[in-house]
Amino acid sequence: MARVTLQTIDSAPAEAKPRLEAAEKANGFIPNLLRVLANSPQALQTYQEVGKINGATSLSPTEIEVIQITAATDNGCDFCVAGHSKIAKAKLRLDDETVANLQHKRPLGDAKLKALQDFTLAVITRRGKVSDAELTAFRQAGYGDQQILEVILGVSLATLCNYANNLAGVEINAELQPFAKK
């Protein structure tokens, strides 16, 4: 049972209702994360607007999901692992092995994505104080200053979602269950 109210379109603050309605229309359901964030219309707005910004970076959609699943796994957010695994599999057509490796913090087979996975973990675990060797390895994989900051952007977005879900204790929506970590 959630520790924070799961808002509905009817119960949510007025400022959050249009955002929940749009999410329901787009997804066919309202993800429990959004129902939690709707308690603060500003938190919901931040999540959605920063999500749009994150999606417009120089990183590919696959790279964005590597960051999101890596962060969710490291932060212990099973809800976000499931949600982003659904995007990775259903929308981006990532293979089961790659998604499972992300879900279990196992190295990825693609060298560039593995460098991104490793750098994302370093940013999270060292709170941005990555070593020179970690930064060099990321650069040698073909990433530059722009992508360094875009990883931090992705981690910041994931942190909002992961911490909100972890604190609230939300259940994974039935629609996302097939994509949950096994």
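**Notebook: pockets and helix packing**

Entry 1. I began with the largest pocket and found that α5 provides the largest share of its lining, 8 residues. I note at the outset that this is a predicted model.

Entry 2. I then looked up which other elements take part in that lining. At least two residues each come from α1 (17-27), α2 (32-37), α3 (41-55), α4 (61-74), α5 (78-91) and α9 (145-168). The lining of the largest pocket comprises 31 residues. Nearest the centre of this pocket I recorded Asn27, Tyr47, His84, Ile87 and Lys91. For the space within the largest pocket I noted about 1,100 Å³.

Entry 3. By class I recorded 5 nonpolar, 3 polar and 1 charged for the lining of the second largest pocket.

Entry 4. I returned to α5 to examine its packing against another helix. Helix α6 (residues 96-103) packs with α5 at an angle of about 160°, and the two axes are 10 Å apart. An angle over 145 degrees counts as roughly antiparallel, and α5 and α6 are therefore roughly antiparallel to each other. I noted the handedness of the crossing of α5 and α6 as right-handed. On the α5 side the contact involves Val81, Ser85, Ala88 and Lys89, and on the α6 side Asp96, Val99 and Gln103. I sorted the residues of this contact into 3 nonpolar, 2 polar and 2 charged.

Entry 5. The axes of helix α7 (residues 111-125) and helix α8 (residues 132-140) cross at roughly 150° and come within 9 Å. I therefore describe α7 and α8 as roughly antiparallel to each other. What is the handedness of the crossing in which α7 passes α8? I recorded a left-handed crossing. From α7 the contact takes Ala115, Leu116, Phe119 and Ala122, while α8 brings Glu134, Leu135, Ala137 and Phe138. In the contact of α7 with α8 I found 7 nonpolar residues, no polar residue and 1 charged residue.

Definitions and conventions. Residues numbered from 1 in each chain as written. Predicted model: local features only at pLDDT ≥ 70, side-chain atom pairs only at ≥ 80, totals over all residues. Heavy atoms only, no water. Axes fitted to C-alpha atoms, helices over the stretch in contact; angles between N-to-C directions. Helix = DSSP H or I, 4+ residues; strand = E, 2+ residues; numbered from the N terminus. Parallel < 35°, antiparallel > 145°, perpendicular 65-115°, else oblique. Left-handed = near helix turned anticlockwise from the far one by under 90°. Contact = heavy atoms within 4.5 Å. Nonpolar A, V, L, I, M, F, W, Y, C, P; charged D, E, K, R; others polar. 1 Å grid on protein atoms, 1.4 Å probe; cavity = no way out; pocket = protein on both sides within 12 Å on 5 of 7 lines; lining within 4 Å. Points joined across faces, edges and corners; volume = space filled by probe spheres on them.
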